[in-house]
Structure formats: structure tokens, C-alpha cells
Amino acid sequence: MKRLCLISALFWLFVIPAFSQQVVQQMPDGFDSLRAGIAHGSIDTISYTSKTVGAQRRALIYTPPGFTKKKKYPVLYLLHGIGGDEKEWLNGGKPQLILDNLYAEGKIAPMIVVMPNGRAMKDDRAIGNIMAPDKVQAFATFEKDLLNDLIPFIERKYPVLTDREHRAIAGLSMGGGQSLNFGLGNLNEFAWVGGFSSAPNTKKPEELVPDPQAAKSKLKLLWISCGVSDRLISFSKRTHDYLTEKGVPHIYYIEPGVHDFKVWKNGLYMFSQLLFKPVDVSSFAKYIYAGEGTPASTNIPGIKYPQIMPDNKVIFRLKAPEAHKVQIDLGRKYDMRKDTGDYWMLTTDTIPVGFHYYSLVIDGIPVVDPNSQAFYGMGRMASGIDIPDPDGDYYTVRNVPHGQVRSVNYYSSITRAWRRAYVYTPADYDKDIDRKYPVLYLQHGAGEDETGWPGQGKMNLIMDNLIAEKKAAPMIVVMDRGYATDPQRPVVNTAPGPGPRGMSNNVFPEVLVKEIIPMVDSTFRTLSDREHRAMAGLSMGGFQTFQTTMTNLDKFSYIGGFSGAAFLQQGTDIRKMYDGAWADATAFNQKVKLVYLSIGTTEPERMYQGVKGFHEALETAGIRHVYYESPGTAHEWQTWRRSLRQFAGMIFKN
């Protein structure tokens with residue numbers, strides 16, 4: 001018996017160093033299921049005295065299969081999210097099953113896992129307003145409770161290794177932020193730190209790691225993971241970017257998924273396999289999700305490429321055996337490489353969310369990618385790719401009543417030509433045949449046409465969803481081509497200056513007021529007074545909107561410019577523009593129900609300053625208006641989709 005105990009002790013003494021750290025893959029489907037025929041660990045509830053809180057507090061503790069008090073174990077402190085408690089991991093993440101199955105396959109070092117309640121207050125239940133200030137503060141207070149009360153209790157009651165090299169902390173969401181804050185803020189206590197989908201409570205990177213050299217020397221492993229479609233991913237990315245800049249080794253793992261337990265279970269599965277083993281820093285760069293991406297929604301049906309990866313990089317693949325040079329022009333030109341099968345391949349940098357035009361450039365000639373749908377933009381037919389936005393649910397197809405986009409042909413006496421308008425009618429238009437509707441005239445930008453808003457802009461889906469949620473009044477939306485020329489009028493060559501291309505000799509405002517509005521009012525059931533008529537547009541269409549509405553205030557009550565408004569030369573007195581329409585702010589504010597301006601925060605400086613300057617001039621003149629900056633977007637459809645969503649929700653409201 002003594003000999004057997006000696007052998008057992010020697011085994012446990014050397015078992016942890018015997019493990020080596022290897023590149024870990026995604027958790028297989030079903031790995032969190034109960035397996036028969038393997039040893040299982042135990043989960044118990046413990047109670048400890050918290051001097052920090054002044055109360056008895058509870059935690060769950062997992063002890064591994066074959067647990068014995070004759071051996072000392074490393075410890076992982078595993079934290080929950082803002083809406084959970086000590087049972088959240090157990091109820092949603094099945095940690096005991098994941099760990100049991102990993103032990104059965106010999107993939108992890110034996111460890112104790114402590115799952116505490118990270119809300120350090122006397123009433124620490126996840127009830128009521130979980131976002132209340134005192135409850136949010138309690139998550140920060142938990143740092144003191146953890147260090148001064150819980151860890152000492154665990155070390156008194158359980159056979160654990162008490163040095164920092166054998167202590168880890170990790171958590172999901174709010175617990176991920178706590179883990180980064182507490183672990184990186186207490187490098188003398190923790191050598192292993194993991195944040196899964198870390199929440200906004202995560203400190204700024206320079207506060208997390210004020211001394212990069214200390215972090216390099218003391219950390220065994222720093223793990224940061226998140227779902228690519230998680231709207232909180234920016235908090236993980238900013239930490240990763242800072243650590244990369246400062247040369248602090250860490251694993252940054254972005255996987256398919258959102259803010260849920262699918263991602264968090266995989267975080268535990270992968271992170272736990274790396275704990276308490278020799279560390280190979282050179283392997284960190286290999287932690288890139290190697291699975292297939294998702295065919296772009298803009299692909300020809302059934303076509304696999306272009307393919308969007310979890311980190312929003314795009315893979316292009318094309319067979320062109322006779323080509324000598326092939327490029328993708330997507331914001332910048334990327335050179336493709338040909339393999340031995342005559343396929344040209346490319347993986348881009350990370351592409352911002354939203355819709356982007358692109359071209360395939362074959363031996364110097366830009367053409368449409370045969371794998372992609374074509375869109376009229378850039379002044380010609382082009383390919384397009386739509387990078388999913390985690391916050392883009394408002395322009396996706398939902399199970400709600402849907403309106404129709406109708407094509408209407410009409411003859412213009414002004415341009416001496418047939419023209420086409422697209423007209424959106426709400427879902428109940430053909431059911432409630434006695435009802436009349438307000439009208440929004442919605443214009444595209446330069447280089448685009450009437451197909452832009454229903455195609456690239458997803459306006460019909462935006463309207464369907466807003467109306468279904470009762471966030472917008474049911475309305476008709478008219479989209480026409482913003483170019484119109486009277487062949488009998490002489491061409492006027494204007495001097496170069498600010499403003500969109502194609503404005504010179506463009507009589508579209510006249511066509512809209514004299515022909516399109518009467519045609520729409522006679523063809524559709526409209527409320528034809530100015531109180532029920534709005535106009536908005538993007539870029540060039542925004543300039544056209546102000547040009548049209550401000551000279552026809554008897555016809556419009558709502559005005560919107562998305563990345564485009566009025567030309568404002570330096571030193572111009574805004575009160576003198578448009579025949580003094582803004583000279584009397586009180587009168588204007590009583591007459592016009594809404595003036596809306598928007599711009600993307602990363603738009604070209606000239607455009608950004610132009611719209612912002614116009615906003616400031618209106619503010620100075622006392623003109624009531626709404627000003628919105630779309631965060632992180634440029635002169636692109638994502639800025640304009642967000643703008644339409646806001647604008648449509650504000651108009652035609654009593």
C-alpha cells in the first residue's frame with residue numbers, strides 16, 4: 001500500500017510538467033454532452049465569509065475526476081456575466097461535461113475550478129435591474145472579495161498550489177472584463193488570464209497593461225477571444241491592438257458566433273487545454289480560425305466565393321488560365337496569386353462592415369466579377385460585397401409583413417425622354433384601399449441610380465422592419481434617377497468648385513417638383529399636402545434635397561441630407577442662402593418639422609468638415625435640426641442605411 005501511494009504521489013508530482021502546450025482546435029459538436037464509461041468530476045456549492053461584503057457568500061467548485069487530498073492542484077477562477085451568478089456557467093455552459101471529456105482524452109492538466117458570484121454585494125442575486133449602478137459597482141468590488149476572501153478560503157479548505165504560476169482567472173462578458181481587469185492588474189497573483197467576449201467594463205488597454213515589460217515577464221498566457229458577430233468585439237480588439245503594438249504575447253482568437261454560450265463554451269474548451277503547461281509563445285500566431293468562411297450574400301446563388309471569414313477578411317477565388325495579372329480593387333488593389341490549377345486566390349485585409357463596390361481587374365481591365373451580383377455604382381456596373389454588421393438586424397429579412405418595390409415608367413416633358421422611378425408601398429397598401437399615405441422622396445448619390453436604395457441600401461427591408469415595429473409611420477417611398485437634362489437648354493460650363501459631379505445643367509429638382517410629384521399623387525393614394533411630404537438623399541442626393549426643398553418649402557415639411565447638404569462657402573452667412581429662408585429662425589422652425597443631417601466619422605476630411613460645418617452654421621443661426629455621426633463608417637452605404645433608419649423613424653409623427 002505504501003509503495004502504491006508513493007507511485008501515485010510521484011505520478012501527480014510530475015503529471016503537470018509532462019503536459020506540453022499544442023495548438024488547440026475548435027470544440028467539436030457535441031463535446032459538451034454527457035459521456036458514459038468515463039470518470040466524472042464533482043460540483044459542489046461552498047460558502048465562505050466575505051469581510052469585503054460583510055456576509056456569507058456562495059460559489060460553485062469543480063473538482064476533477066480522481067480528486068484526492070494527497071495532491072495539490074492549480075486553480076482556475078471562472079467568472080460569469082452581468083445577468084448571471086455562480087450558477088450561470090453550470091446552467092448554460094456545462095463546464096463539468098466539457099472538462100470531464102477533456103480529462104478522458106488526456107488533454108488538460110488536473111485542476112480545481114471555482115465559479116463564484118462576481119457581484120460582490122449583500123444581495124447578490126441577479127434580479128431586478130441588473131444594470132443598476134450599485135450592482136455594476138459590485139462587479140468591481142469583487143476584486144477585493146476575490147483576493148482577500150475567496151482565494152484565502154480556497155487555499156485553506158482545498159489542496160491547492162498557492163503560487164501565481166498555478167492560479168488562473170477567466171470569464172465571459174462582464175466576467176471577461178473582470179478577468180482582464182483583475183488578472184492584469186494583479187500580476188503577482190495570476191499568471192494565466194482569459195477574457196471571453198469581454199464586456200465594456202474592460203479597462204482601457206493602457207490602464208490594463210501600463211507596464212508592458214512586466215506583463216511580458218510575468219504572464220504565462222493571456223487569452224482574448226470573441227465571436228466575430230458580437231457587437232462587443234471592439235473591446236477585445238482594442239486590447240489586442242494595444243498588446244500587439246506593445247509586443248505583449250497573447251492569443252487573440254476570433255471565431256464565428258455572437259454573444260452567447262456557443263462562443264464561451266469554446267473559449268473554456270480551448271483555454272483550459274493550455275493552462276498549467278509549458279508555454280510555446282511562437283504558437284500564438286497560429287490561433288486563427290481555420291474553418292471555412294461564409295459565401296457572401298451578394299454572390300450569385302450557389303457560388304462559394306467570395307467568402308467572408310470570421311474576422312471579416314474576404315477570400316476571392318477565380319479561374320482565369322489565360323490571364324497574366326489579376327487584381328481585386330476593393331478600396332485598394334490587391335494582387336491575386338495563381339496556383340497550379342489556374343485558380344487565382346486572394347485573402348484581403350479585414351474589411352469594414354457594410355456594402356462595398358469592387359472590381360475584378362484582369363490584365364489592367366476592370367470588369368465585373370462573374371461570381372458576384374452586379375450593381376450600378378461608380379458610374380458603371382460593378383460587383384459588390386456586403387460584410388455583415390452585428391448591429392445590422394434592422395436591414396435583414398424578418399418574418400414581418402413586407403411591402404413592395406414597384407417599377408413605374410413615365411414620360412418627362414422636360415427631358416423629352418421616358419424615365420423610371422422605383423416606388424415602395426407598405427405592406428398594407430393593397431389591403432386598406434381607402435387609406436392614403438405620406439410620401440418620402442429618397443435620392444441616391446453620384447455614380448448611382450434609382451436602383452441604389454432598394455438594392456445596395458436595403459431600404460425596403462429597413463422600412464418593413466421599422467413599420468412592423470411601429471417605429472415608423474407607414475409611408476410611400478419614391479426613388480428616381482437623380483440625373484435629368486433638358487436637351488433644349490444650353491450646356492453651362494461652371495468653374496471647378498465644391499459639390500458633387502453632375503450638378504451642372506441638372507434639372508432634376510424641376511423634374512421632381514413639376515412631374516414626379518404630380519405623377520405619384522395621381523398614380524398612388526397619397527396625402528398630397530406639404531405636411532405629409534418629405535425628401536432626403538445621400539451625398540449628391542443630399543445636396544439635391546436641399547436644393548429642391550429649400551426653394552419649395554410650400555411642398556415639403558421634412559428635409560434630410562445623408563453625407564450631403566447645402567454648399568457652404570467659407571464666410572457665407574447662412575441666413576442669406578435660399579432667398580433668406582433661414583433669416584427668420586423662428587418662422588422656419590415653425591414651418592419645417594424636421595431638418596436632419598448625418599455624416600460618417602471616417603468620411604473624407606473635406607466631406608466630414610463640410611457637413612459638420614453646415615450643422616454648426618445651422619446651430620448658430622438657431623435653426624432646429626438633428627445631427628448624427630455614424631460611428632466608424634465612411635462615405636458608404638452603411639452610413640446611409642443607419643441614416644435612413646433614423647430619419648424614417650422621425651418623420652410623419654404627430
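Residues are numbered from 1 along each chain as its sequence is written, and side-chain values use heavy atoms, with hydrogens and water left out. Because the model is predicted, local features need pLDDT of at least 70 and side-chain atom pairs count only at pLDDT 80 or more, whereas totals for chains, interfaces and linings use all residues.

When neighbours within four places in sequence are set aside, Leu 146 is in contact (heavy atoms within 4.5 Å) with Tyr 77, Ile 151, Pro 152, Ile 169, Phe 182 and Phe 190.

The structure contains 31 aromatic pairs, a pair being formed by rings of Phe, Tyr and Trp (its six-membered ring) whose centres lie within 6.5 Å, with planes under 30 degrees apart counted as stacked, over 60 as edge-to-face and the rest as tilted. One of these pairs, Phe 142 with Phe 182, is tilted, at 6.4 Å centre to centre and 45° between the planes. Since Phe 142 belongs to helix α4 and Phe 182 to helix α5 (residues 174–185), this pair ties together parts that are 40 residues apart in sequence. Phe 142, at 0% relative accessibility, counts as buried, as does Phe 182 at 3%, where buried means under 20% relative accessible area, exposed over 50% and partly exposed in between (1.4 Å probe, protein chains only).

The rings of Trp 192 and Phe 276 have centres 5.5 Å apart and planes at 65°, and the pair is therefore edge-to-face. Trp 192 lies in strand β6 (residues 192–196) and Phe 276 in the loop between α9 (261–274) and β9 (294–295), so that parts 84 residues apart in sequence are tied together. Both Trp 192 and Phe 276 are buried.

In helix α15 (residues 605–621), the buried residues are Tyr 608, Val 611, Phe 614, His 615, Ala 617, Leu 618 and Ala 621. Their cover includes α13 (540–549), α14 (585–591), β26 (594–600) and β27 (626–630), and α15 is followed by Gly 622, which has a positive phi near 80°.

Technical notes:
Helix = DSSP H or I, 4+ residues; strand = E, 2+ residues; numbered from the N terminus.
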